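Work through these exercises with the sequence and the model side by side. Try each task before you read its solution.

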Amino acid sequence: MDRIVEIRTYTLKPGSAGQFHHIMQEQSLPLLRAAGTDVVAARPSMHARDSYLLIRAYQSLAQRGRSQDDFYASAAWLQGPREAVMACIEHYTTAVIEADDALIGSLRQGPVPA
């Protein structure tokens with residue numbers, strides 16, 4: 001069964017990549033996972049020092065919308081890492097595609113060393 005995969009790429013402000021990675025790994029990702037989000041991967045991009053990607057999988061477009069609406073309106077996010085994360089981001093883009101479990105599995109990663 002196909003699912004929905006969101007690939008979000010962040011262009012970070014110069015010099016903020018280390019801080020962004022730390023905040024993502026230590027604060028944002030645990031919150032996303034606690035909220036039930038399937039985080040497939042979150043890591044620095046290989047092509048540019050100030051680029052980072054976040055890949056999430058969802059059951060459907062509707063579930064993606066509900067999940068993100070709930071998460072980004074939550075007190076845990078708003079009173080937690082939101083301000084620090086946003087301070088590092090210059091801009092971001094999002095692509096959403098259908099993917100089967102094999103593709104999602106090949107994109108999935110374990111923890112990234114700091």
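**Exercise 1. Is Glu-6 buried or exposed, and which side chains meet Glu-6 in salt bridges?**

Step 1. Look at the accessible area. Glu-6 has a relative accessible area of 0%, so Glu-6 is buried. (Buried means under 20% relative accessible area, exposed over 50%, partly exposed in between, with a 1.4 Å probe and protein chains only.)

Step 2. Know your model. This is a predicted model: local features need pLDDT of at least 70, side-chain atom pairs count only at pLDDT 80 or more, and totals for chains, interfaces and linings use all residues. Residues are numbered from 1 along each chain as its sequence is written, and side-chain values use heavy atoms, leaving out hydrogens and water.

Step 3. Find the partners. A salt bridge puts a side-chain nitrogen of Lys or Arg within 4 Å of a carboxyl oxygen of Asp or Glu. Glu-6 pairs with Arg-8 at 3.5 Å, N to O. Arg-8 counts as buried, at 8% relative accessibility.

Step 4. Take the next partner. Glu-6 also meets Arg-56, at 2.6 Å, N to O. Glu-6 sits in strand S1 (residues 3-12) and Arg-56 in strand S3 (residues 51-58), so this pair ties together parts 50 residues apart in sequence. Strands are DSSP runs of E with at least two residues; helices are runs of H or I with at least four; both are numbered from the N terminus.

Step 5. Arg-64 lies in helix H2 (residues 61-72) and Glu-6 in strand S1, so the pair joins parts 58 residues apart in sequence. Arg-64 counts as buried, at 18% relative accessibility.

**Exercise 2. How many salt bridges does the structure hold?**

Step 1. The total is six.

Step 2. Look for a network. Arg-3, Asp-38, Asp-101 and Arg-108 are linked in one.

**Exercise 3. Where is the kink in H1 centred?**

Step 1. Locate the helix. H1 covers residues 17-34, which is 18 residues.

Step 2. Check its span. H1 reaches 24 Å from its first C-alpha to its last, close to the expected 26 Å. (The expected span is 1.5 Å times one less than the number of residues.)

Step 3. Find the kink. It is about 45 degrees and is centred on Met-24. (The bend at a residue is the angle between axes fitted to the seven residues ending there and the seven starting there.)

Step 4. Check burial. Met-24 is one of the buried residues of H1.
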